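Visitor: I'd like to talk through this model with you. Could you take my questions as they come?

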Amino acid sequence: MRTTTLGSKGPQVGVVGLGCMGMTHAYDLGATRDDVTSISVIHQAIDLGMTLIDTADVYGPFTNEELVGKALAGGWRDRAVLATKVGLLSAGTAGLVRDGSPEHVRTSIDDSLKRLGTDHVDLYQLHRVDTAVPIEETWGAMAEVVAAGKARLIGLSEVSVEEIKRAQAVHPVASVQSEMSLWTRDALDDVLPYCAEQGIAFLPFSPLGRGFLAGRFASFDDLPQDDFRRGLPRFQQDALRANLEIVGQVRAVAERIGSSPARVALAWVLAQGRYVVPIPGTKTPKYLTDNAGSADVILGEAELAELNALPAPEGGRY
């Protein structure tokens, strides 16, 4: 796979990474976990050049880091650029709560390293800004993690340009992770241009619209039971029916250039900038190979113009 760097000063990574959340969290929770297959997918991703492996302590919670730690044992760790996150806590039926306190950051990194079976992560990310804690205080604690050698770089997730600037005043921001895809383009307005100007890596999560843009769902009933997408506005039956028009147009472009919808959707994301590294998630070898192939798809001006003109989706993100 062709490579880029994680921002202007970061390590070399494949232009497409791997998000591991769905292997133990959020998607198809009623299914039996298959850690053997998930570990093989992580190994296959690294072999394909998808070297950025992304997880978080809240996924599970904790089980995703444990799984990734098992996958990276035995020499695989040296071949991966490992990223995890801090700042979100599971509150059971109450959902997720934010904790950006310096004390939480300091204790969480040690817990994450233990689960991951490593002495450092390459990228430690603040999962969400805690509005009850000044970002300068949280970011200062994350800078301490770098000074202690427990993380090489630190990044932010789902932030505004103003929040990035406030963090930068304390310590360099290596990356920003936010949702971006053909049906989620908010970052194009200001966050992505600012990241490009500053040499900050931009890591789009859900670059396939949580699987929808790959054409994997034709109706609400196609969603697995106990899958959190069943609660998202864009996947409700009326909205989903309208949003199928977007998928149809992506499929038309894919058929015209001899590709797949997933590869076209990811190629559009890759076309948004040199330091844009999407992290599509999958636990299926077939889908992993399809996603990796997007690195070889170069969209022409006509295809980009057609995709840029796609309508906005029906329904909010959450």
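Visitor: Which polar atom lies 3.3 Å from the backbone nitrogen of E158?
Guide: A polar atom of the S178 side chain lies 3.3 Å from that E158 nitrogen. This is a predicted model, in which local features need pLDDT of at least 70 and side-chain atom pairs count only at pLDDT 80 or more, while totals for chains, interfaces and linings use all residues. Residues are numbered from 1 along each chain as its sequence is written, and side-chain values use heavy atoms, with hydrogens and water left out.

Visitor: Is S178 buried or exposed?
Guide: S178 is buried, with a relative accessible area of 7%, where buried means under 20% with a 1.4 Å probe and protein chains only.

Visitor: And what does S178 touch?
Guide: Not counting residues up to four places away in sequence, S178 touches E158, V159, F202, L203, P204 and F205, contact being heavy atoms within 4.5 Å.

Visitor: Switching to cores, which one includes F205?
Guide: Let me start with the largest nonpolar core, which has 84 residues, with I42, Y124 and I164 having the most contacts inside it; such a core is a set of buried Ala, Val, Leu, Ile, Met, Phe, Trp, Tyr and Cys residues joined through side-chain atoms within 4.5 Å. F205 belongs to a second, separate core of 12 residues, which also includes L6, L52 and V277.

Visitor: What does Y124 contact beyond its neighbours within four places in sequence?
Guide: Among the residues in contact with Y124, leaving those neighbours aside, are T84, V105, M142 and L153.

Terms used:
Buried means under 20% relative accessible area, exposed over 50%, partly exposed in between (1.4 Å probe, protein chains only). A polar contact is a pair of N or O atoms within 3.5 Å; within protein, one must be able to donate a hydrogen and the other to accept it, and residues adjacent in sequence count only if both atoms are side-chain atoms.
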